Each structure stands twice: as structure tokens, then as C-alpha cells.
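Here is a short briefing on one structure. Look at the ligand first, then at a pocket, then at the aromatic rings.

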Amino acid sequence: MADFGAADQEAFRAEVRDWLEANYPAELKDPKAKTDPEAIWGGRAFAGSDDPHIRWMRTVAQKGWTAPTWPKAFGGGGLSAEQARIVEQEINRGGYRAPLASFGLWMLGPVLLEYANEAQKAEHLPKIIGGEIRWCQGYSEPGAGSDLAGLQTRCEDKGDHWLINGQKIWTSYANKADWCFCLVRTDTAKKHEGISFVLIDMTTPGVETRPIQLISGESPFCETFFTDVKIPKGNMVGQLNGGWEIAKRLLQYERQNISGGFGGGGGAGGAAGDLAQIAKRYVGVDETGALADGDLRTRITKNKMDFQAFYQTLARVAAEAKASNGPSAATSIIKYAAATFAQERSELMVEAMGGRGLGWEGEGFSSGEITATRGWLRSKGNSIEGGTSEVNVNVVSKRVLGLPDPK
Ligand SMILES: Cc1cc2nc3c(=O)[nH]c(=O)nc-3n(C[C@H](O)[C@H](O)[C@H](O)COP(=O)(O)OP(=O)(O)OC[C@H]3O[C@@H](n4cnc5c(N)ncnc54)[C@H](O)[C@@H]3O)c2cc1C
């Protein structure tokens, strides 16, 4: 939209507000509403489900607002970045649930829009927008994490199909996903130029997943094995041996998106609630009503200010990305910052709670205390997932600051 002035914005905001109010399922207004916690991820497991969250997701998807800026031709909302931000703000303001969490929305879809052929876009984008297919990311391997281009999973041309053999690791939710976007080796003589980007249906014979248990007690990711897995020729995105460029682009979208999720609330590794208020409850207040421990007060205030500045930067970087050609290497700055602040916040939460911030389970601890402990343990992964902090600092020095490689 060329000219979207203040009056247009307010008119659009009112329209969005009315629509959300009219369409939010009544059952979900009750915070104790019975809904499957996995429903937000959608996927085949919920095909035909009458779960109220799934009904909400489908209603928003029909409007195109699960992917507000994607083209209408594929079922997206066709909105400008500014309008999309208003939709997001109104969902948050009204306390409505986010309709859909999806690796398809956050990572795969944007690169399909850039690199896929028309048949691939028509096949996959509407199912991502509708939450019909849950995707996982098959990048890391036991010998290829930070050095991702060292990956060894083989993909051979067998004439009428591709044949895949190898192993992935740390594949988040692979055991729950319907499809996997995967990096494979199609040329063993070259490193970066021997990689291709393929799409694999997880029900294909020869695909096996084994969950890995974490210190937080959860099993959010798996080892994924491919043994003589045959996939159609049409499942390769972009050129043969041209997958590295797509892989890097997807990582930029991933870093941009997960940085938003590390926020000050209950995001990846965080614990819900206002840190300062929680600290006051556990530590106590002085005669002025301020947190009694001055040192802790300073560190909590600094963390809150860092988050505030971070959110402003995030909004600016997102606006710049949408106004230009998508995200850039600068996403490594926000990924690094988000991981650092989220880990600090989790540490401060546990510190403020004292011994009670180390509750693992049982009636002796409140659910907030257990969440704080587990969130603190989960937050250890924030500086690893989506590229480690060290690697992101390398990207910033090389691609943002233009510094030379160390000799
Ligand atoms: C919660 C979570 C979810 C994940 N989900 C997925 C997923 O869905 N799909 C997927 O494919 N992967 C996933 N991963 C894997 C993740 O991408 C890798 O763990 C990450 O890229 C690091 O690789 P690595 O574990 O092999 O560590 P390594 O690469 O072996 O790194 C070990 C250490 O060496 C440091 N290091 C390595 N190279 C350099 C360098 N050049 N300069 C400086 N330091 C360096 C690293 O920073 C790190 O501290 C997930 C990881 C986590 C924690």
C-alpha cells in the first residue's frame, strides 16, 4: 500500500479489532479452556480435530492472517508490513492466542517464496498458512553443527527419484513433524557447492526418529535417520548443488524469528511474569517500596532496559527487512543479543527466588517456581540453537563490520 496514513491505520486497526472480537472462539476466553497444548503447532495430527484452538487457527488462516504479508494467491493476507504489525499488535492487545506456531511460517515459507518453482509454492505454501502440515528442520548432523557445510547425508540421483542415506541430529520436534526441509550432499568433491535443499515427507519408508532427553526434562528434539529414503525428483528446491545459498537465507529468517521468541515473557527458556515484581515478592522491599537488594535491583533494571532497547531494534530491523530484500546478516546481532539477555533474565529469576528457584517438581514448589527452574535450564540452549553465539559474533565481524578473517 503506497500511502497508509494515520487515519487509514486507525480505520484498519478498528477493522482488525472488530474482526478478532467477532471471531475468537468463546471457549478460549476462559484461561482454563480445554485445548491440546500441541494444537498451536497444527499438522496432520489435528486434521479433522474440533479442538477450539484448531478452530481458531483455521479461522485466522482463512482470513490469511497466519501469514499476513504473504501473497493472497497462496492464501496469505497480502498485507503490508505496517498492516501486519497492526494485526499482531491487536492479537496481543486483546489477549488472544497466537493462532499458529510453525517452522513453515518462520523459516521454510519465506525461502519457498524466493527460491521454489510455482508447483512447489502451490503445493506447500497454502498448507503452511493453513497449519495443515508441521515442518521440522534437518540441518545439523553429528559432525556438522557450526560447520554446517561439512554435512554428509547423501542424496543420489537414481533417475526417476532421489535416494537419501544419512543421519541428522537435534531435529526439533522431528517425531511430531509431517515433513522435513533438509540439507543433503549431492556432490562429495565440493563442500559448499555440493549441497542441495530437499523436502522430505516424514512418513516415507526409511525415515526414523529417536527423541533425545534434555536436562530440562523435556524431549524436544530427535536424532533422525534416513535409510534408503526415496523422494520424488520434484522435491528439490532450487538448483542441484545450489542449496547452500538457500540454507544461509533460511538461517537469517530463523535467527530473526527465534530472537523475538526469546523475549521477556515465557519464550524459549524464559519464565513468565514481570521479573521485578517477582523479585520483590521473594526478596522483599525497602521503606521506599523498591526491591530491598540494591545490587539485584540494578541488574534487573539493566536487563529490563536491555530488553526494551532490544525490542526497539528488533522492530526497526524487521521494518528494514520488509522494506528491502528480507533479512540480512544483521540478524546475527539480534540473535546474539536476544540469547544473552534471555539467559541473563533466567539467571536473575532463579537468583531472586533463591532456593525456591531450584524446584524441579512436587507440591512443595509453585508452578511458577518449577517453570523458572526448567526455563533456566532450557535457556542454556538459547546461545546454541539457530547458530551459536560465537558463530554469530563471527558473522557480525565478517559480514556486518567487514573485518578480515583471522590469520
Ligand atoms: C534447543 C535447540 C534446538 C535445535 N534445533 C535444531 C533443529 O531443529 N534442526 C537442526 O538442524 N539443528 C537444531 N539444533 C542444532 C544447532 O543448530 C546446533 O547445535 C548448533 O548449530 C551448534 O552445532 P553443534 O551442536 O554441533 O556444536 P559445535 O559446532 O560442535 O560447536 C561447539 C562449540 O564450539 C564453538 N565453535 C564452533 N565453531 C566455531 C568457530 N568457527 N568460531 C568460534 N567458536 C566456534 C561453538 O560456538 C560451540 O561453543 C538445535 C539446537 C538446540 C540447542
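The model is predicted.

**Shell around the ligand**

- S146 uses its side chain: one of its polar atoms lies 2.6 Å from an oxygen atom of the ligand.
- Q137 uses its backbone: a polar atom there is 2.8 Å from a nitrogen atom of the ligand.
- Y139 also has a backbone N or O atom at 2.9 Å from an oxygen atom of the ligand.
- On its own, the ligand has 980 Å² of accessible area, and the protein covers 65% of that.

- The volume of the second largest pocket is about 170 Å³.
- Its lining has 14 residues.
- Nearest the centre of this pocket lie M57, R58, G130, G131 and E132.
- Which helix gives the most to this lining? Helix α2, spanning residues 52–63, does, with five residues.
- By class, the lining splits into six nonpolar, five polar and three charged residues.

**Aromatic pairs**

- Across the whole structure, a search finds 19 aromatic pairs.
- One of them joins W19 and W65.
- Two values describe such a pair: the distance of the ring centres and the angle of the planes.
- For W19 and W65, the centres are 5.1 Å apart and the planes are at 65°, an edge-to-face pair.
- W19 sits in helix α1 (residues 6–23), while W65 sits in the loop between α2 and α3 (81–93), so their pair ties together parts that are 46 residues apart in sequence.

Notes
Residues numbered from 1 in each chain as written. Predicted model: local features only at pLDDT ≥ 70, side-chain atom pairs only at ≥ 80, totals over all residues. Heavy atoms only, no water. Polar contact = N/O pair within 3.5 Å; in protein donor to acceptor, adjacent residues only side chain to side chain. Areas by Shrake-Rupley, 256 points an atom, 1.4 Å probe, with all protein chains shown as cover. 1 Å grid on protein atoms, 1.4 Å probe; cavity = no way out; pocket = protein on both sides within 12 Å on 5 of 7 lines; lining within 4 Å. Points joined across faces, edges and corners; volume = space filled by probe spheres on them. Helix = DSSP H or I, 4+ residues; strand = E, 2+ residues; numbered from the N terminus. Nonpolar A, V, L, I, M, F, W, Y, C, P; charged D, E, K, R; others polar. Phe/Tyr/Trp six-rings, centres within 6.5 Å; stacked < 30°, edge-to-face > 60°.
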